[in-house]
Amino acid sequence: MHLTTLCNTSLDNPTQRNKDQLIRAAVKFLDTDTICYRVEEPQTLVELQKNEWDPIIEWAEKRYGIEIGSSTSIMGPSMPARTREVLISHLASYNMWALQGIEFVVTQLKSMVLTLGLIDLRLTVEQAVLLSRLEEEYQIQKWGNVEWAHDYELQELRARTAAGALFVHLCSESTTVKHKLLQE
């Protein structure tokens, strides 16, 4: 169902956005990226965020040659202009359909950084979803799981994220088949 939605959205382009607008919409999520917002307490959650999110931020910084900060302020971290420029340039290498998929994944995970990790195969769908829900999972561990709500949300998020990632990869692949002439 989610793949069908992505295909129809790409075909119809109901919002009439061009490539540049799709790229800017995805990069805009850097301002509110889930893994860049940190808590100050409780200490166990602070450590969990540091241990789980910092390696992904470090990977993205090294992979793309950019700086991504984190903050405990409600204002969020300040992203350097060069970081935006590099990511805009990277995303420009994708076609319109793949960009629709990237934006879809970014909105699911609420994270450009996790989306890049997923698309670059640094993270699996399960890992990316778990990292995007780190605080929620912490609360579930502390207070318990509401099966009909939390389980459904988790499975739905995994399905949407997997569909988006698959869509990006399918739209980014190109293959050529060469037929050989048989000589008798």
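**H5 and H6.** I looked up how helix H5 (residues 96–109) sits against helix H6 (residues 112–119) in this predicted model: their axes come within 8 Å and cross at roughly 125°. That makes H5 oblique to H6 (under 35 degrees is roughly parallel, over 145 roughly antiparallel, 65 to 115 roughly perpendicular, the rest oblique). Axes are lines fitted to C-alpha atoms, for helices over the stretch in contact, with angles from 0 to 180 degrees between N-to-C directions. Helices are DSSP runs of H or I with at least four residues, numbered from the N terminus.

I noted that Ile 102, Val 105, Val 106 and Leu 109 of H5 meet Met 112, Leu 114, Thr 115 and Leu 118 of H6 (contact: heavy atoms within 4.5 Å). These residues divide into seven nonpolar, one polar and no charged (Ala, Val, Leu, Ile, Met, Phe, Trp, Tyr, Cys and Pro are nonpolar; Asp, Glu, Lys and Arg charged; the others, Gly among them, polar).

**H2 and H5.** I then checked helix H2 (residues 19–27), which packs on H5 at about 20° with the axes 9 Å apart. That makes H2 roughly parallel to H5.

**Glu 103.** I found Glu 103 in H5, where Glu 103 meets H2 as one of the H5 contact residues. Glu 103 has a relative accessible area of 14% and is therefore buried (under 20%; exposed is over 50%, partly exposed in between; 1.4 Å probe, protein chains only). Outside four places in sequence, Glu 103 touches Arg 17, Leu 22 and Ala 25.

**Conventions.** Residues are numbered from 1 along each chain as its sequence is written, and side-chain values use heavy atoms, without hydrogens and water. Local features need pLDDT of at least 70 and side-chain atom pairs 80 or more, while totals for chains, interfaces and linings use all residues.

How values were computed:
Helices (H or I, at least four residues) and strands (E, at least two) are DSSP runs, numbered from the N terminus.
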